[in-house]
Amino acid sequence: MKEAIEQILKEIEDLKAASQKEVEEARIRFLGKKGEITALMEQFRGVAPELKREYGQKLNDLKKAAQAKIDQLKEAAEQAAEAITPKEDLSMPGDAFPLGSRHPVSIVRQQIVDIFRKFGYDVAEGPEIEDDYHVFEALNFPPNHPAREMQDTFFVSTGHVNPLLLRTHTSSVQVRTMESQDLPIRVVCPGRVFRNEAISARAHCIFHQVEGLYIDKDVTFADLKQAILLFAREMFGPETQIRMRPSYFPFTEPSAEVDVSCNICKGKGCNICKGTGWLEIMGCGMVDPNVLKASGIDPEKYSGFAFGMGVERIAMLKWQVNDLRHYFENDMRFLQEFATATEV
Ligand code: PHE
């Protein structure tokens, strides 16, 4: 009997079981009603009285060891099974994530930039806090030009020759491009601009522009007209007509204001175009020789054109939203109208 106990003890020690089923089989084999240890317990009844104490002790130890080993294997097998089949149902659909959408101003800005990219223009960006030189001086603004006065410009620092200010147009980026890039230059400059204006349906102190600059040999007003016509047709449809009205900007000569034919009434006259059949979209002109000179470009050899438009203005025309303030208030009901408008 002693050998039998030792034999089983050894087997128990060596016992390995991977699955829950194997553990259960081992339990039955050793500790079940007809198990090997149970059988030894039966035999124990017939053991000589002087050996009972010793064998009883051994048998008890064996039973405890067997139970402990089985418990330990059982726990390990359960953990392994749990790792394979987690309690969560991984096939359940997840919680919906409320996705935002692009802001209408971003959509239109991207559309404008993409059209000019197709024409071969690069994109240039520059600082929003600028100096007087890049916003005004290099652009041929005479020293007492009204645009320099406090009512238009937010100054960040004053009192010295070249004060810091919030740029009032992205033409400053065009100056920086002329200073740093080789000719020919063909860039569009999208960005935020700032003007000290009372907020109303038609004006805001912050808005967005895309301005463009093209400088090369023999660039003419005809090139400008063609570039703008192609842009207008990409933006507002292939039937779109443009017209140019003489205007004034310090940095262009000659200068013009561009209107597109109203794509809502097709030129017949409606409340969007105020009965005229035309909508104003941008300013433009041939770069003034003084501007070229200021950035070290020889106006005898090179010429160029520039244009600039307000992104909100184009968005207003595109979606007939006639109050500029909607674009800045971020009212979800307004923004959701554009959730599916990402056609760019
Ligand atoms: N910079 C002008 C503005 O902000 C727009 C413009 C750009 C006009 C280039 C002509 C040429 O109003």
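Reader: Which residues have the most contacts inside the largest nonpolar core?

Author: A nonpolar core is a set of buried Ala, Val, Leu, Ile, Met, Phe, Trp, Tyr and Cys residues joined through side-chain atoms within 4.5 Å. Buried means under 20% relative accessible area, with a 1.4 Å probe and protein chains only. Here the largest such core has 47 residues, and those with the most contacts inside it are Ile 112, Phe 231, Ile 281, Phe 305 and Phe 307. This is a predicted model, where local features need pLDDT of at least 70 and side-chain atom pairs count only at pLDDT 80 or more. Residues are numbered from 1 along each chain, and side-chain values use heavy atoms.

Reader: Which element gives the largest share of this core?

Author: Helices (H or I, at least four residues) and strands (E, at least two) are DSSP runs, numbered from the N terminus. The largest share, eight residues, comes from α8 (221-236).

Reader: What does Phe 231 touch?

Author: Contact means heavy atoms within 4.5 Å. Leaving aside residues up to four places away in sequence, Phe 231 touches Ile 112, Ile 115, Phe 116, Phe 119, Ile 281, Met 282 and Met 309. A second, separate core of 22 residues includes Leu 139, Phe 141, Ile 185 and Ile 297.

Reader: How many disulfides does the structure hold?

Author: A disulfide is a pair of cysteine sulfur atoms within 2.5 Å. The structure holds zero. For Cys 273, the nearest cysteine sulfur is that of Cys 265, 3.6 Å away. Cys 273 counts as buried, at 4% relative accessibility.

Methods. Buried means under 20% relative accessible area, exposed over 50%, partly exposed in between (1.4 Å probe, protein chains only).
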